[in-house]
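Q: I'd like to learn how to read the features of a protein model. Could you walk me through one, step by step?

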Amino acid sequence: MGSPKKNDSKGFFAAMSSGLSIFGNAMHRSVNGLLGYEGVEVINPEGGKEDAEEEAQRGRWKDEERDSYWKMMQKYIGSDITSLLMEYSYLLDQADECEDPYMRLVYASSWAISVYYAYQRTWKPFNPILGETYEMINHGGISFIAEQVSHHPPMSAGHAENEHFTYDVTSKLKTKFLGNSVDVYPVGRTRVTLKRDGVVLDLVPPPTKVNNLIFGRTWIDSPGEMIMTNQTTGDKAVLYFQPCGWFGAGRYEVDGYIYNAAEEPKILITGKWNESLKCQPCDLEGEPIPGAELKEVWHVADVPKNDKFQYTYFAHKINSFDTAPKKLLASDSRLRPDRFALEHGDLSKAGSEKSSLEERQRAEKKEREAKGHQFAPRWFDLTEEVTPTPWGELEVYQYNGKYAEHRAAIDNSDSIDVADVRSTEFNPWQFGNLSME
């Protein structure tokens, strides 16, 4: 593999609030009530836009395809953003503890690749509501907060922290609809800071392609390079996601190297993003050093047998109200009535609750604009920094530290709240009683 050129700082979410959870942030208008992409350019691969756009509007969904779509949606609900990003956070802990600067990148880049496992689940999530949040404080000592900070364009911000690392992301997607597929470009910035030495890692993922949106079995591919750069030393991981060939050849395969600042290969990495990753020291030609151990770095966690959501045990855990923080934020996604109804199989109620939330969001926007107010995220601040990316400029949001203060105040409180968190009404709104005009 040739040495990569240096890249500007970009990143991704996991955020993917999370993978496909972020892809859902770009969805709003519906095609035939089922598919919708806000700000998406509809392109006819044969030339003009008009025919492809008309074809997309017609939809051509059969009744059984509609039913199948709604059933698949049930598998992609809840706090997927966090399950994608933090399930394998132990790899970042290992990176922080590691003395070897190259193995440090092996662990950190393996963490970045591990989130792609959920890409096999292609169903569309609910559109995030402006101000919606997700919080987690019950995994590996991690405190995690994510917030939908913008609706037009759809953007999310997230912050996670434990004794070993901090994780900060501003997530924004650019999508291009191509009739039966859509290209997803990760306009965003992801930074991980390892606390022991203050090392700052910047992540640039490859674009993603969602295939067979309307006809055929939907599947996802992310061919191209993922680059993680140690901004402190100049070392980097360059990992190539193999494109899926005929009959699935090459699908899931990832290969690449850890390079030093002089762009000399030091460690090779190989594996499949849906199974496991291994590493081995290499020479300057990229060939394995004879006798060197091929070491497994990561493997996917077990999934409960016949699980209808295709969740890992960790994903089930963080979706549960049983593990929700004390005095859960009313804006938390666990409390969404449409999500709750869909999880329990009530598709009709889920649809009506979803419509009600979106109507409420439009009513709040109308009220806010009438009063000359601007929406202000609660846990993140918009900075003056604008980061260039290959797909456009990104306005960067920064964690403001208020969530840690909020959580500390609750933990230090003498009051004991025994109320069932399920009784809390979902409330991401910044204005009070609104008419549903």
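Predicted model: local features only at pLDDT ≥ 70, side-chain atom pairs only at ≥ 80, totals over all residues.

Q: How many bridges join β3 to strand β4?

A: There are 7 bridges between β3 and β4 (residues 155-161), and the two strands run antiparallel.

Q: Which strand pairs with β3 over 5 bridges?

A: That is β2 (residues 133-139), again in the antiparallel sense. β2 and β3 form a hairpin with 2 residues between them, and Gly-140 in the turn has a positive phi of about 60°. His-139 stands opposite Ile-142 of β3.

Q: Why is β3 largely enclosed by the rest of the structure?

A: Count its buried residues: 8 of the 9 in β3 (residues 142-150) are buried, so the strand is largely enclosed.

Q: What should I look for in a core?

A: In soluble globular proteins, nonpolar side chains tend to be buried together. Here the largest nonpolar core has 49 residues, and Met-86, Phe-144 and Tyr-167 have the most contacts inside it. Helix α6 (residues 101-114) gives the most to this core, with 8 residues. Another core, of 12 residues, lies apart from it and includes Val-187 and Phe-380.

Q: Is α6 mostly covered or exposed?

A: Mostly covered: 12 of its 14 residues are buried, among them Trp-111 and Ile-113. At the start of α6, a side-chain oxygen of Asp-100 comes within 2.8 Å of the backbone nitrogen of Tyr-102.

How values were computed: Residues numbered from 1 in each chain as written. Heavy atoms only, no water. Core = buried A, V, L, I, M, F, W, Y, C linked by side-chain atoms within 4.5 Å. Buried < 20%, exposed > 50% of the residue type's maximum accessible area, 1.4 Å probe, protein only. Helix = DSSP H or I, 4+ residues; strand = E, 2+ residues; numbered from the N terminus. Polar contact = N/O pair within 3.5 Å; in protein donor to acceptor, adjacent residues only side chain to side chain. Pairing = 2+ DSSP bridges.
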